[in-house]
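Hello,

Here is the structure we spoke about handing over. My notes on it follow below.

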Amino acid sequence: MSTPVPTAPAPRIERAPAALVGVLAVGAAIAVGHLVGSVVSPSSSPYLAVADAVVRLAPPWLVEFAKTTFGTADKPVLVAGIAVVLLAVAAAAGLAARERTAPATTTVVVLGLLAATAVVTAPTFAPVDLLAPAASLGTGLLVLRRLHALALPGPERAGGPSRRALLTGALVAVGAGSLVAGGLGQLLAGRSAGSRGEVTAALRAAPAVRRAPAVPASAAFPESVPFVTPTADFYRIDTALRIPSGTAGDWSLRVHGLVDREVTLRFADLLARPLVERTVTLLCVSNPVGGDLVSTAVFTGVPLRDVLLEAGVRPGADQLLSTSADGWTAGTPIDVLLEPDRGALLAIGMNGEALPPEHGFPVRMVVPGLYGYVSATKWVTDLEVTTFAADRAYWLQRGWGERAPIKTMARIDTPTGTGSVPAGRVVVAGVAWSQPRGVSRVEVRVDGGAWTDAELATEVSGDTWRMWRATVDLAPGTRVLEARATDADGDLQTEEVADVLPDGATGYPSVTVTAGR
Ligand SMILES: Nc1nc2c(c(=O)[nH]1)N[C@H]1C(S)=C(S)[C@@H](COP(=O)(O)O)O[C@H]1N2
Ligand SMILES: [Mo]
């Protein structure tokens, strides 16, 4: 008879260090992600992206409750609340992983995927933004593995420091490193955020803003998209892998080239000038017929024409070459910029606030009536008066057209064509634009039949889109709805179908719907 040899119990981490390992792994992950995010783009910090996603997904009653209960502290309360939840989850994961790392690894991976989802679904997402959650996940897994191995009881090595001392050192080092990384991220992100806050305050306090006429309720129909696009929904197009992170205080603009006198402007110089507000519908040349690379905002800024007149444009110059802080260029026809009524702006405000980082903070160009790639330079820092013969801007070098006036276009927003509609009388509605002239007429037809006039909403200005709607009679079956716009000069949009390259898509927008009985 032999007594069974008791198998040695698997090594186990004590409770307190186990919880700490979980907390530090998650903490280091958040801190490193925050630091990388602050360098890449402000909205890609996994922690802030999750906070934003919570705000986006929260039911309205909860948002209202938070606002009435916490007032302006609602954001800090939310951020702290998420910290408490994460702390608890991380500690629990650590405690569940006293023997094997698997439960903690799974938790770190799930949190990392959650963060990545929040970043990807943010309205300002660009692929490089994934760097931050990736750095976060990598850090979390690495720290977890190392700390876990150190924390597991094992044989002492002769001569060296004790396991306990090694573990304590590692825990302290990771904790301190996380604080430094997170703090540095805060500092970097806060620099331009603080500067944005100051600009918004300065815009609100600016005495002599020539306000844009208020947008009347009659400028939109119940079926329309919002007339002024909420800033968070404004389309975004640029080549920037990393959003330039300059502050208003550091900004300056050099106006040079074929000018009588060079002009250098600082941000304070812009604020000291009479500011003008203009409601403008921006459009990307890559917008396909029916597409949504078009949005409207109220921009505040300094008339660009005045700046050019002060510098004195020399005869022979026909192009203003603008350069952004990250080296992108656009070439704008000078004659357009010098038109007295064009209203081109060096814009510093968008919908009553400083420009968001993604839309050009601290200063961008806005030229009504021209596609963005020849006019809407974000993070602008240099204006050179030159000729089209001498310099070719970024997209011109890649085959896009030199002059790019916006083409007259209608878009059908409802019905969408994805579902079916009841047969009979159906409301068709959408937008149309023809900046800077404006839209005077929109017509619709069914199945290539006779064109009928749509009802037009109140016009805000020729620089903006105009909402329209019509009621059509749909017999049961598959029906093709088409629309077309006429500009204020009486010119009808072209029926000819053209691709976006080289200077903007054309053709009538159409939607195919199934009308049911
Ligand atoms: N610095 C910079 N400015 C830029 C671009 C860019 O790539 N870099 N893209 C332009 C293009 S093609 C368009 S359509 C508009 C889009 O402006 P938004 O992102 O504010 O909508 O910005 C323009 N300004
Ligand atoms: Mo564009």
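Two strands are taken as paired if DSSP finds at least two bridges between them. The model is predicted. On that basis, an open sheet of five strands can be traced, in the order S13-S20-S19-S15-S16, and its pairing is mixed. Strand S13 (420-422) and strand S16 (452-453) form the edges; each has a single partner strand, so one side of each has no neighbour in the sheet. Within the sheet, strand S15 (residues 439-446) and strand S19 (residues 477-487) run antiparallel and are joined by seven bridges. Val444 has Ala483 of S19 opposite.

For the protein as a whole, the secondary structure amounts to ten helices and 20 strands. Its C-alpha atoms fill a box of roughly 105 × 70 × 50 Å along the principal axes. Of the 517 residues, 48% are buried. Taking contacts between residues at least 6 apart in sequence, 74% join residues at least 24 apart.

One helix pair was also looked at. Helix H2 (residues 46-57) and helix H4 (residues 74-96) have axes that come within 10 Å and cross at roughly 110°. Angles of 65 to 115 degrees count as roughly perpendicular, and H2 and H4 therefore fall in that class. Their crossing is right-handed. On the H2 side the contact is made by Tyr47, Val50, Ala51, Val54 and Val55, and on the H4 side by Leu78, Val79, Ile82, Ala83 and Leu86. By class, the residues of this contact between H2 and H4 are ten nonpolar, no polar and no charged.

Regards

Notes:
Residues are numbered from 1 along each chain as its sequence is written. Chains are lettered from A and ligands numbered from 1 in the order in which they are written. This is a predicted model: local features need pLDDT of at least 70, side-chain atom pairs count only at pLDDT 80 or more; totals for chains, interfaces and linings use all residues. Side-chain values use heavy atoms; hydrogens and water are left out. Axes are lines fitted to C-alpha atoms, for helices over the stretch in contact, and angles run from 0 to 180 degrees between N-to-C directions. Helices (H or I, at least four residues) and strands (E, at least two) are DSSP runs, numbered from the N terminus. Angles under 35 degrees count as roughly parallel, over 145 as roughly antiparallel, 65 to 115 as roughly perpendicular and the rest as oblique. A crossing is left-handed if the near helix is turned anticlockwise from the far one by less than a right angle, and right-handed if clockwise. Contact means heavy atoms within 4.5 Å. Ala, Val, Leu, Ile, Met, Phe, Trp, Tyr, Cys and Pro count as nonpolar, Asp, Glu, Lys and Arg as charged, and the others, Gly among them, as polar. Buried means under 20% relative accessible area, exposed over 50%, partly exposed in between (1.4 Å probe, protein chains only).
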